[in-house]
Amino acid sequence: MNEDGADGGGYSMNALRTLVVEDDAIIGGLLEETLEGLGHTVCAVESNVANATAAASHWRPDLMIVDVGLGEATGIAAVKEILQSRLVPHVLITGEAVRGMPLGPDTVFIQKPFRVSDLEQAIQRALATASACDRFAEQNETAEVVI
């Protein structure tokens with residue numbers, strides 16, 4: 001770790017450029033306010049898959065906070081589409097039970113209603129998981145094939 005608490009690579013809890021995907025304007029605003037209160041920058045608050053995907057491409061966020069239940073589609077669809085181009089740590093927010101949701105081990109869920117401390121912990125888990133995935137990918141890229 002270096003003196004600012006970052007490990008030199010990967011992700012840290014320093015100010016993160018965050019994309020919020022939430023179709024309820026009030027909740028989106030509260031999430032933006034909460035994240036900024038935690039020291040993060042919210043680059044965009046989007047309410048649908050198309051806009052979320054475009055914003056992720058434009059802003060290249062360090063983190064995504066995504067509501068599972070968007071109006072016309074699911075937040076899961078937005079995350080899957082964005083992850084096709086690059087790994088972005090993400091926290092999915094849901095008011096529903098999270099069992100059986102079809103996503104990989106790098107997905108962190110938080111259930112509504114939640115406290116700010118719950119959100120902070122979920123963000124830390126998402127960053128840790130993404131950092132571990134990055135290390136795994138790097139190891140696979142540099143591994144030599146021996147036959």
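Q: How many helices and how many strands are there in the protein?
A: This is a predicted model, in which local features need pLDDT of at least 70 and side-chain atom pairs count only at pLDDT 80 or more, while totals for chains, interfaces and linings use all residues. Residues are numbered from 1 along each chain as its sequence is written, and side-chain values use heavy atoms, with hydrogens and water left out. Helices (H or I, at least four residues) and strands (E, at least two) are DSSP runs, numbered from the N terminus. From the N terminus on, the elements run β-α-β-α-β-α-β-β-α, and the protein has four helices and five strands.

Q: In what order do the five strands form the open sheet?
A: Two strands are taken to pair if DSSP finds at least two bridges between them. The pairing in this open sheet is parallel, and the order of the strands is S2-S1-S3-S4-S5.

Q: Which strands are the edge strands?
A: The twist averages 20 degrees from one strand to the next, with axes fitted as lines to C-alpha atoms (for helices over the stretch in contact) and angles running from 0 to 180 degrees between N-to-C directions. An edge strand here pairs on one side only, and the two that do so are S2 and S5 (108-111).

Q: Which residue in S3 is the bridge partner of leucine 19?
A: Strand S1 pairs in the parallel sense with S2 (residues 41-46) over five bridges, where threonine 18 stands opposite valine 42. S1 also pairs in the parallel sense with S3, over four bridges. In S3, leucine 19 has as its bridge partner methionine 64.

Q: Which elements make a right-handed β-α-β unit?
A: Helix H1 lies across S1, S2, S3 and S4, running at about 170 degrees to S2. A crossover is right-handed if, with the strands pointing away from the viewer, the path from the first strand over the helix to the second runs clockwise. The right-handed unit is made by S1, H1 (residues 25-37) and S2.

Q: Is alanine 52 buried or exposed?
A: Alanine 52 has its place in helix H2. Leaving aside neighbours within four places in sequence, alanine 52 is in contact with Leu19, Val21, Glu46, Ala78 and Ile82. Because its relative accessibility is 0%, alanine 52 counts as buried.

Q: What percentage of the residues of the protein count as buried?
A: In S1, four of the five residues are buried, which leaves this strand mostly covered. Over the 147 residues of the protein, the share that counts as buried is 37%.

Key:
Buried < 20%, exposed > 50% of the residue type's maximum accessible area, 1.4 Å probe, protein only. Contact = heavy atoms within 4.5 Å.
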